[in-house]
Amino acid sequence: MTESDLEDAANFERSQKLTEAQRLALRYADQMQADPRVITKAWYDELLRHYTEAQVMELAIFVAINLGFHAVFSTLEFPPAWDHIGPGGRRVERAPAPAR
């Protein structure tokens, strides 16, 4: 995967640049962030159709570490955890924490 492949990452499901396997990996990462409770053995079976067991574990660990970093950074109000590119390529900033 190259940087140019990710030009339409926000719309990865409709991407003509990404392979089915790459779209599946991005879908997995997206779902892990949204609601990991729905990730079942069927998800891993589908990933194993495209990737080796080692690659699936590498993907899972990479996603888990990155989600964990964002969780910790958000408690520190560390900007990269919240300032990101949102829908339509617009920058999304975290709302200020409520005063205590």
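In this predicted model, helix 1 and helix 2 run roughly antiparallel to each other, because their axes cross at roughly 150° and an angle over 145 degrees counts as roughly antiparallel. The crossing of helix 1 past helix 2 is left-handed. On the side of helix 1, the contact is made by Glu20, Ala21, Leu24, Ala25, Arg27, Tyr28 and Gln31; helix 2 contributes Trp43, Tyr44, Glu46, Leu47, Arg49 and His50. Sorted by class, this contact has 7 nonpolar, 2 polar and 4 charged residues.

Side chains of opposite charge can pair when their charged atoms come close. The whole structure holds 4 salt bridges, including those in the table.

| Salt bridge | Closest N and O atoms | Relative accessible area |
|---|---|---|
| Arg27 with Glu13 | 2.6 Å | Arg27 29%, Glu13 41% |
| Arg37 with Asp35 | 2.8 Å | Arg37 72%, Asp35 21% |
| Asp45 with Lys41 | 3.0 Å | Asp45 36%, Lys41 60% |

Arg27, one of the contact residues of helix 1, forms its salt bridge with Glu13. Glu13 lies in the segment before helix 1, so this pair ties together parts that are 14 residues apart in sequence. Arg27 is partly exposed, and Glu13 is also partly exposed.

In the pair of Arg37 and Asp35, Arg37 is exposed, whereas Asp35 is partly exposed.

Asp45 and Lys41 both belong to helix 2, where they stand 4 residues apart, about one turn of the helix. Of these two residues, Lys41 is exposed and Asp45 is partly exposed.

How values were computed: Residues numbered from 1 in each chain as written. Predicted model: local features only at pLDDT ≥ 70, side-chain atom pairs only at ≥ 80, totals over all residues. Heavy atoms only, no water. Axes fitted to C-alpha atoms, helices over the stretch in contact; angles between N-to-C directions. Helix = DSSP H or I, 4+ residues; strand = E, 2+ residues; numbered from the N terminus. Parallel < 35°, antiparallel > 145°, perpendicular 65-115°, else oblique. Left-handed = near helix turned anticlockwise from the far one by under 90°. Contact = heavy atoms within 4.5 Å. Nonpolar A, V, L, I, M, F, W, Y, C, P; charged D, E, K, R; others polar. Salt bridge = Lys/Arg side-chain N within 4 Å of Asp/Glu carboxyl O. Buried < 20%, exposed > 50% of the residue type's maximum accessible area, 1.4 Å probe, protein only.
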